[in-house]
Amino acid sequence: MAAGGLSRSERKAAERVRRLREEQQRERLRQVSRILRKAATERSAEEGRLLAESEDLVTELQGRSRRREGLKRRQEEASPGRGRTGRARGRAGAGSRPASLSWQVCDDPEELQRKVRELASAVRNAKYLVVYTGAGISTAASIPDYRGPNGVWTLLQKGRSVSAADLSEAEPTLTHMSIARLHEQKLVQHVVSQNCDGLHLRSGLPRSAMSELHGNMYIEVCTACTPNREYVRVFDVTERTALHRHQTGRTCHKCGGQLRDTIVHFGERGTLGQPLNWEAATQAASKADTILCLGSSLKVLKKYPHLWCMTKPPSRRPKLYIVNLQWTPKDDWAALKLHGKCDDVMQLLMDELGLEIPRYSRWQDPIFSLATPLRAGEEGSHSRKSLCRSREEPGPGDRGAPLSSAPILGGWFGRGCTKRTKKKKVT
Ligand SMILES: [Zn+2]
């Protein structure tokens, strides 16, 4: 097996050189890997230079880390008893159908802190930051999410009924208030939400800065009027509506036409200009250099290619930061995935950015000034509890109907979801 024409000592010398080169390569890999684990802001100039010089190693290491994450995830899905960090929370009870969907993972505190530092530097450096939000940002407002262990979808999949605490008592969370502040500070340019709970609006975020892609439970519109005439209410307008059945039972003050809700159920195409505001969402996505996804499983959002700039080459797509306890289909494309509760991450982020989080106050809730009061004779047109400026005082037009923990049958929250799963089977 002698290499042609080389003496024994020459072969030995060549082998030594090869080993030395390999060792140097490994050492460099270790160095680069160590630097990559640091937050971008913590790297020295020297380290930054080394990264720039080792582009191929960086690409390889990032690829490896992605593959490792993928493997871990698959292992977690296969054996739900073990978590990524050993701190994973329990999944939905035994017998839950899609274990992988409701499986939650938490980063340990130091890891989360490190990731938040990296996120903070991305927020500071972003030229155009768009935030995508899902049900996970409202769970702290006691609105259940969809796919979490106790989410609406998960429960319905298990054949359980959904009962919700008084939805009208829900208030914008720390995350909603932080986003409003970030927008005010011009650090966030636009917010695209899948939530129908109206909490972004109530946090003080301007209408022009948000797209509520799936509607807003407080808004009903007259489509007979041109332009559409919008009625913001202080109660859930959707109690009589469902999939393909959107009339709320009230009529337009101007033309007498039937009002409809703005909810887009699964399987429907949202056509209303407002509050969906697709135009602004698409425009924002095309301008974005950074996207922050908060509390969304992204299973629905991923189906809107415009939101991900899929027509652009991968290198020119916005950088993706994802905050979610569960796996999302965009994880592999994320610059950073933070496994934490939205409120925890946002609190850390705002601290890191040195920004105070405004406290929600009912007295400053914009919904009260935006709302159109019911006319005489319309008070009985709904039985949902109205929002009121102070918790004690009954809301205008509120008949004091007790909001029980009975299953919610109508509206975006209850029936919409049931129909949604049925619809899914049909198609
Ligand atoms: Zn009208």
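**Ground rules**

I number residues from 1 along each chain as its sequence is written, and side-chain values use heavy atoms, with hydrogens and water left out. In this predicted model, local features need pLDDT of at least 70 and side-chain atom pairs count only at pLDDT 80 or more, whereas totals for chains, interfaces and linings use all residues.

**Whole chain**

I counted twelve helices and ten strands in the protein chain. Helices (H or I, at least four residues) and strands (E, at least two) are DSSP runs, numbered from the N terminus. Of the 427 residues, 49% are buried; buried means under 20% relative accessible area, exposed over 50%, and partly exposed in between, with a 1.4 Å probe and protein chains only.

I looked up the accessible surface and noted about 21400 Å², with 50% belonging to carbon and sulfur atoms. These areas come from the Shrake-Rupley method with a 1.4 Å probe, and for residues only the protein chains shown count as cover.

For contacts (heavy atoms within 4.5 Å) with a separation of 6 or more, I noted that 64% are between residues 24 or more positions apart.

**Zinc ion**

I looked up the protein donors of the zinc ion and found the SG atoms of Cys222, Cys225, Cys252 and Cys255, at 2.2 to 2.4 Å from the ion. Donors are N, O and S atoms within 2.8 Å of the metal (3.2 Å for Na, K and Ca); water is not among the atoms, so sites may look incomplete.

I recorded the site as tetrahedral, with angles of 98 to 118 degrees among the four donor atoms. Four donors count as tetrahedral if all angles lie between 85 and 135 degrees. The spacing of the donor residues in sequence is C-x2-C-x26-C-x2-C.

I checked UniProt, where an unreviewed entry lists Cys222, Cys225, Cys252 and Cys255 under "binding site". They span 34 residues in sequence, yet no two of their C-alpha atoms are more than 8.6 Å apart, so they gather at one spot. UniProt positions are given in the numbering used here, feature names are shortened, and annotations may be inferred rather than shown by experiment.

**Donor residues, one by one**

I placed Cys222 in strand E4. Cys222 counts as buried because its relative accessibility is 0%. Beyond residues up to four places away in sequence, Cys222 touches Asn228, Arg229, Cys252, Cys255, Gln258 and Leu259.

Cys225 is also in my list as buried, with a relative accessible area of 10%.

I found Cys252 in the loop between strand E6 (247-251) and strand E7 (258-261). Cys252 is buried at 2% relative accessibility. Its contacts, with residues up to four places away in sequence not counted, include Cys222, Cys225 and Arg375.

**His214**

I noted that the unreviewed UniProt entry annotates His214 as "active site". His214 sits in the loop between strand E3 (210-212) and strand E4 (219-222). At 11% relative accessibility, His214 counts as buried. Not counting residues up to four places away in sequence, I list among its contacts Ser193, Cys196, Thr262, Leu276 and Tyr304.

**Ser178**

I located Ser178 in helix H7 (residues 174-184). Ser178 is buried, at 0% relative accessibility. Leaving aside neighbours within four places in sequence, Ser178 is in contact with Met346, Met350 and Ile357.

Terms used: Tetrahedral: all angles 85-135°; square planar, octahedral: opposite > 155°, others 65-115°.
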